[in-house]
Amino acid sequence: MANPDSTLSLVEKIGKKIPDPVIIFMFLLVFCFVLTAAIGGLTFETQNPGGGVTTHVIKSMADAENVRWLFDNALLQNWLAFGNGVLGVILIVMLGVGVAEYSGLLTAVIKKLGTKLPDRMLAPAIVFLGIMSSIATDAGYLVLIPLAGLLYAGLGKNPLIGMAAAFAGVSAGFSANLIPATPIDVILGMNAQVFAESQGVPFERADGTALTPATMHYYFIFASTFLLAGLGAWVTAKFVAPKLEKMDYVVPEDMHLEDFDVTDAEKRGLKASFWGLLVSLGIIAFLGWGPLASFTDPETGRTVTPLLNNVILLIAMVFIIVGAAFGYASKKFTNLMDVVNAMVGQMNTMGYILVLTFFCYNFLGLLSYSGLGTYVTYIGASALQAMGLQEFPILLIIGFVITTAIINLFVGGLTSKWMLLGPIFIPMLYAVNPNMTPDLVTAAYRVADSSTNIITPMMSYAGVILAFMRKYKPDLSFGDMILMMVPYSVVFLIAWTAMLIGFFTLGIPLGF
């Protein structure tokens with residue numbers, strides 16, 4: 001049998017050889033510029049939805065007028081205003097989450113719920129809390145996982161059992177949640193809309209219903225939350241616990257359950273945040289029945305839904321109000337400037353996103369303007385059709401899931417991978433089969449990316465989790481940890497993909 005540590009070492013070495021996504025987009029921008037100069041004037045034909053043929057011509061970006069276009073549009077049109085301001089939408093959501101996270105609200109909620117769990121509900125509840133904690137990843141990784149270990153130790157069980165369950169929920173269940181319009185929903189949904197519309201793909205469900213980027217997967221991720229929580233508990237009881245119960249472990253003398261008790265200040269904050277939640281929901285109800293109520297456009301006859309159109313701003317408002325209420329009551333915030341600093345602190349973590357999107361969106365702008373993106377889609381779709389896959393959409397879904405899952409072993413970062421894969425596969429798979437709509441392809445990406453997070457050394461928190469686990473098992477290797485998590489990854493990937501195929505086959509909308 002192959003040594004798991006050596007296999008993981010190979011994966012890690014390959015992963016480290018792959019440049020950072022920002023570097024990749026820099027290279028792609030230059031490469032595509034040169035490529036258009038070489039093949040500029042090339043014509044090709046695609047079939048349009050009406051049955052006719054459209055002729056495309058690739059523009060040479062080296063021509064003077066096209067170079068001027070690059071410079072004229074680099075800052076505003078191709079970056080800040082790309083996709084009708086998708087970058088701004090992402091930032092505004094992060095402002096709201098920043099207030100809730102920096103106030104200590106999310107950490108306090110995890111501690112409050114985690115320490116009140118009955119023994120028999122421990123595993124499913126820990127996986128569930130892990131999934132829900134993906135709204136603020138640091139709280140899940142840095143609070144829930146060590147807390148789960150301590151809870152199991154207090155019950156006389158191997159702490160690694162609880163930590164494995166928590167890790168599965170936080171990381172493998174990253175794309176599931178009960179809360180709509182989370183940051184990940186916004187990032188995936190808004191960019192999916194951009195990728196689709198830039199190449200003429202309707203941003204609609206298969207039945208022609210327009211998609212709302214931030215909530216287009218809500219029904220699917222809502223159901224996924226309970227599916228993964230149940231599966232996580234089952235894997236823990238069936239595979240992980242029986243193996244780890246035979247393993248020796250130690251409990252450090254300086255670790256005590258009271259280290260994770262909710263403080264009096266946090267209790268005051270939680271009470272205040274409850275009232276803050278009621279106030280924010282009341283505001284949304286007022287807006288929904290008042291200024292943001294749905295109405296029929298007299299010119300088009302279509303129903304306009306201002307409340308849903310502004311759901312991202314409303315969710316951000318809820319996080320700000322609830323987080324501020326917690327912060328003031330717990331004395332974490334003493335004045336309005338503390339709230340502002342929480343927002344600023346969250347924005348400090350967005351610097352990489354700004355750099356990534358500048359090069360990525362300019363690259364995508366070049367692809368769209370030059371016609372090169374349409375050409376890549378044409379070539380890929382032609383290849384898939386030549387294999388006869390246009391008649392088998394389920395195989396297309398499975399193939400894309402497997403492709404993404406494998407790539408995730410070597411390239412970390414959900415957003416950066418989506419920027420690389422989304423522009424290619426959303427138009428390509430739709431061109432092969434119109435049932436492969438943007439929401440379906442994006443959902444398949446979510447399933448694959450999340451499920452293999454826990455078995456790749458490229459995951460950013462992998463080393464942190466190993467350090468936590470080594471407090472109880474000092475000789476635990478990286479390979480041991482990954483092998484511990486393999487059952488979760490395999491079961492999640494298979495069952496989650498099957499549920500997505502079930503939604504597709506039965507024609508159940510993925511969201512609203």
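Student: In this predicted model, are D185 and R446 buried or exposed?

Tutor: A residue is called buried when its relative accessible area is under 20%, and in this structure D185 is buried, as is R446. These two residues also form a salt bridge with each other, in which the closest N and O atoms are 2.7 Å apart.

Student: Where in the chain do D185 and R446 lie, and how many residues apart are they?

Tutor: The pair links distant parts of the chain, since D185 belongs to helix α10 (residues 183–197) and R446 belongs to helix α20 (residues 438–451), 261 residues apart.

Student: How many salt bridges does the structure hold?

Tutor: A salt bridge is read from a distance, namely a side-chain nitrogen of Lys or Arg within 4 Å of a carboxyl oxygen of Asp or Glu. The structure holds four of them, and one of these joins the side chains of D449 and K417, with 2.8 Å from N to O. This pair, too, links distant parts of the chain, with D449 in helix α20 and K417 in helix α19 (residues 414–432), 32 residues apart.

Student: Which residues make the nonpolar surface patch?

Tutor: The patch is made by F392, I394, L395, I398, I402 and I406, and its area is about 500 Å². To take one of its members, I406 is found in helix α18, which covers residues 393–410, and I406 is described as partly exposed because its relative accessible area is 45%.

Student: How should I read the crossing of helix α3 and helix α16?

Tutor: A crossing can be described by the distance between the two axes, the angle and the handedness, and here the axes of helix α3 (residues 64–73) and helix α16 (residues 351–370) come within 11 Å and cross at roughly 145°. The crossing of α3 past α16 is right-handed. Where the helices meet, N66, W69, L70 and N73 stand on the α3 side, while N362, G365, L366 and Y369 stand on the α16 side.

Student: Which residues is T377 in contact with, leaving aside its neighbours within four places in sequence?

Tutor: With those neighbours left aside, T377 is in contact with Q199, I424, P427, M428 and A431. T377 is found in helix α17 (residues 372–386), and it is buried, with a relative accessible area of 8%. T212, by comparison, has its place in the loop between α10 and α11, where it is buried at 17% relative accessible area and touches L308 and F512, again not counting residues up to four places away in sequence.

Student: What is phi of A181, and where is the place of A181?

Tutor: Phi is a backbone angle, and for A181 it is near 55°, a positive value in a residue other than glycine. A181 sits in the loop between α9 and α10 and is buried, with a relative accessible area of 1%. K331 also has a positive phi, of about 75°, although it is not a glycine. The place of K331 is in the loop between α14 and α15, and K331 is exposed, with a relative accessible area of 60%.

Technical notes. Residues numbered from 1 in each chain as written. Predicted model: local features only at pLDDT ≥ 70, side-chain atom pairs only at ≥ 80, totals over all residues. Heavy atoms only, no water. Patch = residues over 30% accessible without salt bridge, like charges linked within 9 Å, V, L, I, M, F, W, Y side chains within 5 Å. Areas by Shrake-Rupley, 256 points an atom, 1.4 Å probe, with all protein chains shown as cover. Helix = DSSP H or I, 4+ residues; strand = E, 2+ residues; numbered from the N terminus. Buried < 20%, exposed > 50% of the residue type's maximum accessible area, 1.4 Å probe, protein only. Axes fitted to C-alpha atoms, helices over the stretch in contact; angles between N-to-C directions. Left-handed = near helix turned anticlockwise from the far one by under 90°. Contact = heavy atoms within 4.5 Å.
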